[in-house]
2 protein chains.
Amino acid sequence: MTKMKNDKVCQYKLMASRDALTVIQGKWRIPIIISLTHGNKRFGDIQKDIEDISPKMLSQELKALEESKIISRKLYDSMPIMVEYSLTPLGISMQKLLDELLKWGIHFRNEIVGKKKTLKRQLN
Amino acid sequence: MTKMKNDKVCQYKLMASRDALTVIQGKWRIPIIISLTHGNKRFGDIQKDIEDISPKMLSQELKALEESKIISRKLYDSMPIMVEYSLTPLGISMQKLLDELLKWGIHFRNEIVGKKKTLKRQLN
DNA sequence: TATTTTACTTACCAAAAGGTAACAGGTATA
DNA sequence: TATACCTGTTACCTTTTGGTAAGTAAAATA
């Protein structure tokens with residue numbers, strides 16, 4: 001990498017960002033992953049975390065994330081059916097990325113959305 | 001933050017991620033920002049970096065990024081008109097986020113897209 | 001005068017993403 | 001038998017996003 005020309009590096013970065021974006025793309029996937037970083041959850045739990053997601057979108061995006069090997073689905077054969085979703089190692093490997101996304105989101109909000117200086121402390 | 005309940009933290013994170021996502025959303029914004037981390041560029045330069053972007057999308061997304069205060073546009077009154085785009089401090093503040101995105105994109109490609117172990121070294 | 005360069009814009013269309021509302025299927029409880 | 005719970009599914013529609021192709025404007029160059 002050190003010996004690559006500037007524009008080669010740029011091309012390489014553009015490729016990597018595309019790979020990441022295709023998996024992350026859309027309104028709901030990041031929120032779903034964030035919800036699951038707070039513990040394994042059931043369908044209804046995730047719905048409660050992300051208040052305005054519809055069951056259609058939730059099940060659709062859960063399937064997509066499962067196909068990308070970022071989450072896994074476990075079915076428990078209990079009385080009312082129970083399904084537990086959790087992050088795979090690949091999902092867990094997104095932690096730093098998510099942290100930076102959140103930090104920047106907060107920074108952006110402080111700079112642009114509002115000039116409130118509250119809640120400026122780091123996450124975790 | 002330390003004293004917040006787990007689900008309050010989750011709600012706060014979800015809000016922050018939404019703020020970030022609305023700015024970053026779409027196929028082209030991250031690539032444009034990455035292109036500009038490699039130096040200030042003109043319209044045509046960015047087009048050369050991102051080979052398959054159309055002038056319509058490029059100008060549309062540049063405008064959006066300008067409105068979000070992530071890039072700035074400078075018009076030089078030269079012979080054939082010249083416009084230079086650059087990152088604002090807010091744009092520069094995305095560096096760590098972009099780095100993590102790239103790292104994860106490479107990791108994802110190595111794990112899933114292909115099992116190639118080449119090009120595993122860190123960026124920069 | 002005609003062509004080139006740079007930086008776009010416009011009109012039109014197609015595809016993808018997302019929203020709404022109703023329904024389904026299996027089990028358990030009243 | 002009827003109702004509720006849980007995890008979805010389905011049909012239908014609207015909105016957003018992105019693509020294509022052609023055109024524009026202003027100045028410089030041939």
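User: Before I look at the DNA, how do I sort residues into classes?

Analyst: Ala, Val, Leu, Ile, Met, Phe, Trp, Tyr, Cys and Pro count as nonpolar, Asp, Glu, Lys and Arg as charged, and the others, Gly among them, as polar. Keep in mind that this is a predicted model. Here, the surface near DNA strand C has ten nonpolar, four polar and six charged residues.

User: Which side chains have a polar atom by a phosphate oxygen of DNA strand C?

Analyst: Take polar contacts as N or O pairs within 3.5 Å. B:Ser59 has a polar side-chain atom 2.8 Å from a phosphate oxygen of DNA strand C. For B:Lys63, a side-chain N or O atom is 3.0 Å from a phosphate oxygen, and for A:Trp28 the distance is 3.3 Å.

User: Which element gives the most to that surface?

Analyst: That's α4(B), with four residues.

User: And how do I read the sheet in chain B?

Analyst: In general, strands of a sheet pair through backbone hydrogen bonds, either parallel or antiparallel. In chain B, three strands form an open sheet in the order β1-β3-β2, with antiparallel pairing. β1 (41–42) and β2 (71–76) are its edge strands, each pairing on one side only. Six bridges link β2(B) with β3(B), and B:Lys74 sits opposite B:Glu84 in β3(B). α4(B) packs on this sheet, touching β2 and β3 of chain B, and its direction makes about 115° with that of β2(B).

Notes:
Residues are numbered from 1 along each chain as its sequence is written. Chains are lettered from A and ligands numbered from 1 in the order in which they are written. This is a predicted model: local features need pLDDT of at least 70, side-chain atom pairs count only at pLDDT 80 or more; totals for chains, interfaces and linings use all residues. Side-chain values use heavy atoms; hydrogens and water are left out. A polar contact is a pair of N or O atoms within 3.5 Å; within protein, one must be able to donate a hydrogen and the other to accept it, and residues adjacent in sequence count only if both atoms are side-chain atoms. Helices (H or I, at least four residues) and strands (E, at least two) are DSSP runs, numbered from the N terminus. Two strands pair if DSSP finds at least two bridges between them. Contact means heavy atoms within 4.5 Å. Axes are lines fitted to C-alpha atoms, for helices over the stretch in contact, and angles run from 0 to 180 degrees between N-to-C directions.
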